[in-house]
Amino acid sequence: MSTEPRLEDVVAALPLVDHHVHGASAADLDRPAFETLVTESDRLIPPFMTQFDSQIGFAIRRWCAPVLGLSAHASPEDYLARRAELGAAEVNRRLLRGSGIGRFLVETGYRGEDVLGVAGMAEASDRPAAEIVRIERVLEEVAATGVSAAELPGRFREELAARCAGAVGLKSIVAYRYGFAFDPEPPSEREVVDAAGRWLATAPENGPRVEDPVLLRFGLWTGVAQGLPLQLHAGYGDPDVELHLCDPLLLTRWLKLVEPHGVDVLLLHCYPYHRNAGYLAQVFPHVYFDVGLAVNYTGSRSGAVIAESLELAPFAKILFSSDAWGPAELHYLGAHLFRRGLCEALRSWVDAGQWTEPDAIRVATMIGATNASRVYGLETAE
């Protein structure tokens, strides 16, 4: 009998690095709240349907139900009743620890008051967690302090640098706020001050939302100046994005300008443009990508998406993320479906004689953990 390690066993035990994730819900969720959080739509669910009748809904019933003590494929009613019985804290504990994720890099800029923060995620999961800072959120927070247009550039640079001191990376949502068809050059100080004046003069009472392309470019280039890995949402997301403007190929000129700065750029999720992202990761040494968000929402088809992500990019340029926000089912499934899909792809190539099993194990370990550890300097950040 062979004593060599088996791919599926190694991947099952691999402490994944979730390099882009948000917090789990701290509150109990009734059915309407739960269903609105397992879709990327921000609209009301039509009365003729349920989100449980979707790939992610079926995946929750199949894979999460046993973690909560139910049989696989439990009905939505039984599943939600069990969830309510256990309570949010216990649901989070079971699903986060059951995910096998070894480290969470938590992006805190989206509705952070509604979910666990970095410390909360570390406590609930019993695993290390670190912060990813959202650039636009910091800019909006500085603007909300009553700063003048002339003061804003300097104040923002200071605040972002201070926030980066305790973080391992940065994130931008320029894809949501404008799209990628922006002028790739850094704006001048005069352009930034003029744009800030227009923005601050028209900011609503409930707080400024940065959408001006000049200010978004200013945020991006200020982020580059910090020297930390820089994440960008790309592709699939909620209806706030205009998907045709989120193709990462539109970033090509900007990526060329960033390259001399020595900053790694990580394209997040990318679906349905993940093959385009793979091309960028192949041709630019500083570009990486994942298919995080798509894995959960494609459910039983996620293996095909993962296999497609392995077509072109060097394997040292691909990472794992869940992009989970809210129900801890998303954190659990992000890891579980990723492991299944990765094993399905690699196993098929091993069985066909195109790969060896040791090579498949090595690549799976790179993608699941060691690539992120290298990019974010986690080996020296214990």
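1. Basis. Residues are numbered from 1 along each chain as its sequence is written, side-chain values use heavy atoms, and hydrogens and water are left out. Because the model is predicted, local features need pLDDT of at least 70 and side-chain atom pairs count only at pLDDT 80 or more, while totals for chains, interfaces and linings use all residues.

2. Salt bridges. The structure holds 30 salt bridges, a salt bridge being a side-chain nitrogen of Lys or Arg within 4 Å of a carboxyl oxygen of Asp or Glu. Side chains of opposite charge can pair when their charged atoms come close.

3. The pair in α10. Asp194 and Arg190 form a salt bridge with an N to O distance of 2.9 Å. Both residues belong to helix α10 (residues 189-202) and sit 4 residues apart, about one turn of the helix. Helices are DSSP runs of H or I with at least four residues, strands are runs of E with at least two, and both are numbered from the N terminus. Asp194 is partly exposed at 35% relative accessible area, whereas Arg190 is exposed at 54%. The classes are buried for under 20% relative accessible area, exposed for over 50% and partly exposed in between (1.4 Å probe, protein chains only).

4. The salt-bridge network. Arg6, Glu8, Asp9, Arg347, Asp351 and Glu357 are linked by salt bridges into a network. One of its pairs is Glu357 with Arg347, whose closest N and O atoms are 2.9 Å apart. Glu357 lies in helix α17 (residues 357-375) and Arg347 in helix α16, so this pair ties together parts 10 residues apart in sequence. Arg347 counts as buried, at 17% relative accessibility. Glu8 and Arg6 also meet in a salt bridge, at 3.6 Å from N to O; Arg6 is partly exposed at 44%.

5. Aromatic pairs. The whole structure contains 11 aromatic pairs. Rings of Phe, Tyr and Trp (its six-membered ring) pair if their centres lie within 6.5 Å; planes under 30 degrees apart are stacked, over 60 edge-to-face, and the rest tilted. Phe156 and Phe218 make a tilted pair, 5.4 Å centre to centre with 55° between the planes. Phe156 is in helix α8 (residues 152-164) and Phe218 in helix α11 (residues 213-226), so the contact ties together parts 62 residues apart in sequence. Phe156 is buried at 0% relative accessible area, and Phe218 is buried at 4%. Elsewhere, Phe34, Phe52 and Tyr79 form one aromatic cluster.

6. Helix α7. Of the 9 residues in α7 (residues 135-143), 7 are buried. The buried set is Ile135, Glu136, Val138, Leu139, Glu140, Val142 and Ala143.

7. Helix α15. Which residues of α15 (residues 302-309) are buried? They are Ser302, Gly303, Val305, Ile306 and Ser309. These residues span an arc of only 160° around the axis, so they lie on the same side of α15; the arc is that of the directions from the helix axis to the C-beta atoms. Their cover includes α13, β7 (287-289), α14 (292-298) and α16 (328-351), with contact meaning heavy atoms within 4.5 Å.

8. Surface patch. Leu249, Tyr279, Val283 and Leu312 make up a nonpolar surface patch with about 310 Å² of accessible area together. Patches take residues with over 30% relative accessible area and no salt bridge, joining like charges within 9 Å and nonpolar side chains (Val, Leu, Ile, Met, Phe, Trp, Tyr) within 5 Å. Accessible areas come from the Shrake-Rupley method with a 1.4 Å probe, and for residues only the protein chains shown count as cover. Tyr279 lies in helix α13 (residues 274-283) and is partly exposed at 37% relative accessibility.
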